[in-house]
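Please keep the sequence and the structure in view while reading.

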Amino acid sequence: MRRSTDQTLICVLRILANDIQTDDGVANSALREAADRMEELSGTDYEFNLHDLVSKIGGDYSFDGKVVSRFKKLSGVNRYVVEDDRGVLHVYSSKNLERQC
């Protein structure tokens with residue numbers, strides 16, 4: 001059996017935290033905290049992992065795709081290469097992307 005990535009598990013925890021309905025909200029809080037802790041422990045300074053599904057935010061056009069590469073510029077700033085279903089590649093900073101859950 002193939003193991004899920006940390007980011008997949010974090011996404012699932014966040015979805016459950018939003019979707020589960022309880023009177024006291026304890027389960028929701030616990031799931032959110034688990035997702036936050038798991039994200040902290042993933043040990044990377046990249047906000048997005050390879051194969052994460054992302055959407056461009058802001059600006060005057062939309063772009064959805066998968067992170068196919070990530071790198072640091074000479075200045076040390078993170079960049080992400082996103083490929084859409086047509087094979088078009090765009091390079092973005094983390095400020096321009098949000099993860100699709």
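**Largest pocket**

Of the 15 residues that line the largest pocket, Thr-5, Gln-7, Thr-8, His-51 and Asp-52 lie nearest its centre. The model is predicted, so local features need pLDDT of at least 70 and side-chain atom pairs count only at pLDDT 80 or more, while totals for chains, interfaces and linings use all residues. Residues are numbered from 1 along each chain as its sequence is written, and side-chain values use heavy atoms, with hydrogens and water left out.

- The space in the largest pocket is about 260 Å³, where a pocket is an open set of points on a 1 Å grid over the protein atoms alone, where a 1.4 Å probe fits, with protein on both sides within 12 Å along at least five of seven lines, and lining residues have an atom within 4 Å of a point.
- Helix H1 (residues 6-19) gives the largest share of this lining, 5 residues, helices being DSSP runs (H or I) of at least four residues and strands (E) of at least two, numbered from the N terminus.
- By residue class, the lining of the largest pocket divides into 5 nonpolar, 7 polar and 3 charged residues, with Asp, Glu, Lys and Arg counted as charged, Ala, Val, Leu, Ile, Met, Phe, Trp, Tyr, Cys and Pro as nonpolar, and the others as polar.

**Aromatic pairs**

- The structure holds 3 aromatic pairs, a pair being rings of Phe, Tyr or Trp (its six-membered ring) with centres within 6.5 Å, whose planes count as stacked under 30 degrees apart, edge-to-face over 60 and tilted otherwise.
- The pair of Tyr-46 and Tyr-80 is edge-to-face, because the ring centres are 6.1 Å apart and the planes stand at 75°.
- Tyr-46 lies in the loop between helix H2 (26-41) and strand S1 (53-56) and Tyr-80 in strand S3 (residues 78-83), so this pair ties together parts that are 34 residues apart in sequence.
- Tyr-80 is buried, with a relative accessible area of 0%, where buried means under 20% with a 1.4 Å probe and protein chains only.
- Phe-48 and Tyr-80 also form an edge-to-face pair, at 5.2 Å centre to centre and 90° between the planes.
- Tyr-46, Phe-48 and Tyr-80 form one aromatic cluster, in which Tyr-46 is buried at 17% and Phe-48 is buried at 4%.

**Charges over rings**

- The charged end of Lys-72 sits over the ring of Tyr-46, 5.0 Å from its centre, a placement that requires NZ of Lys or CZ of Arg within 6 Å of the ring centre and within 35 degrees of the ring normal.
- Over the ring of Tyr-61 sits the charged end of Lys-56, 4.3 Å from the ring centre.

How values were computed:
Buried means under 20% relative accessible area, exposed over 50%, partly exposed in between (1.4 Å probe, protein chains only). Grid points are joined across faces, edges and corners, and a volume is the space filled by probe spheres set on the points.
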